[in-house]
Amino acid sequence: MKVAIAASGDSLDSQASPVFGRCSHLIVVNIENGEFKDVKAIPNPATVEGGGAGIKTARIVGDEGAEALISGSVGPNASEVLSQLSIKAYQMVPGTVKQNLTLISEGKLEELTPSAPRGRGLGMGEEEDVNLKQESIGLSGIRLS
């Protein structure tokens with residue numbers, strides 16, 4: 001099984017990352033009979049994105065042909081992309097990449113659910129949210145900043 005894991009570094013000894021879209025690296029590994037083969041560390045270009053980082057990172061996971069992802073959290077937009085690509089997301093446990101890969105190979109990681117409502121990630125949608133709030137209380141057209 002080919003697995004991608006959000007990581008804070010570029011090796012199997014790196015810590016697994018609690019974040020997905022802006023993790024520093026993705027480690028992609030082919031797990032065969034409990035052995036880790038074809039280990040590939042990919043620096044995540046989406047770490048500095050203002051918005052859409054999770055979607056971009058999910059596409060990288062898909063481009064690598066991963067069947068599963070391990071992360072501490074995955075936002076709803078990235079989760080939707082992963083779902084469309086038939087990639088299952090699993091909840092990481094605090095520890096190294098290697099420890100988490102061992103756990104998934106043993107079937108000991110739980111499936112992950114999206115961390116926030118769709119469209120409410122940490123991206124640049126704040127202005128749109130403010131506009132919607134203004135409209136809902138009758139302040140549309142009034143600038144609050």
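Predicted model: local features only at pLDDT ≥ 70, side-chain atom pairs only at ≥ 80, totals over all residues.
Residues are numbered from 1 along each chain as its sequence is written, and side-chain values use heavy atoms, with hydrogens and water left out.

The overall layout comes first. The protein contains 4 helices and 5 strands; these are DSSP runs numbered from the N terminus, helices being H or I of at least four residues and strands being E of at least two. Read from the N terminus, the order of elements is β-β-β-α-β-α-β-α-α. Of the 145 residues in the protein, 37% are buried, where buried means under 20% relative accessible area, exposed means over 50%, and partly exposed lies in between (1.4 Å probe, protein chains only). The accessible surface comes to about 8200 Å², and carbon and sulfur atoms hold 49% of this surface; such areas come from the Shrake-Rupley method with a 1.4 Å probe, and for residues only the protein chains shown count as cover. Among contacts (heavy atoms within 4.5 Å) with a separation of 6 or more, 52% involve residues 24 or more positions apart.

The strands can now be put together. They form an open sheet of 5 strands in the order β3-β2-β1-β4-β5, with mixed pairing. Its edge strands are β3 (35–43) and β5 (88–91), each of which pairs on one side only. Two strands count as paired if DSSP finds at least two bridges between them. Neighbouring strands of the sheet are turned by 25° against each other on average, direction ignored; axes here are lines fitted to C-alpha atoms, for helices over the stretch in contact, and angles run from 0 to 180 degrees between N-to-C directions.

Each pairing has its own details. Strands β1 and β2 run antiparallel and are joined by 6 bridges, with K2 opposite N30 in β2. Strands β2 and β3 are also antiparallel, over 7 bridges, and E32 stands opposite E35 in β3. These two strands make a hairpin with 2 residues between them, and N33 in the turn has a positive phi of about 50°. Strand β2 is mostly covered, since 7 of its 8 residues are buried. Strand β4 (residues 68–71) and β5 run parallel and share 4 bridges; L69 has A89 in β5 as its bridge partner. Helix α1 (residues 53–63) packs on the sheet, where it touches β1 (2–7), β2 (25–32), β3 and β4, and its direction makes about 30° with that of β2. Helix α3 (residues 97–105) also packs on the sheet, touching β1, β2, β3, β4 and β5, with a direction at about 145° to that of β1.

Helix α2 (residues 76–84) has P76, A78, V81 and L82 as its buried residues. These buried residues pack against α1, β4 and β5. After α2 comes S86, whose phi is positive, near 60°.

Leaving aside residues up to four places away in sequence, S71 touches A6, S17, V19, F20, Y90, Q91, M92 and L112. A polar atom of the S71 side chain also lies 3.0 Å from the backbone oxygen of S73.

Charged side chains complete the picture. Side chains of opposite charge can pair when their charged atoms come close. A salt bridge is a side-chain nitrogen of Lys or Arg within 4 Å of a carboxyl oxygen of Asp or Glu, and by this rule the count is 5. One of them joins E32 and K37 (3.4 Å, N to O); E32 is partly exposed at 33% relative accessibility, and K37 is partly exposed at 34%. Another joins K56 and E49 (2.6 Å, N to O), with K56 partly exposed at 35% and E49 partly exposed at 27%. A further salt bridge links E111 with K88, the closest N and O atoms being 3.8 Å apart. This pair connects distant parts of the chain: E111 lies in the loop between α3 and α4 (126–136), and K88 in strand β5, 23 residues apart. K88 is partly exposed, with a relative accessible area of 44%.

Key
Polar contact = N/O pair within 3.5 Å; in protein donor to acceptor, adjacent residues only side chain to side chain.
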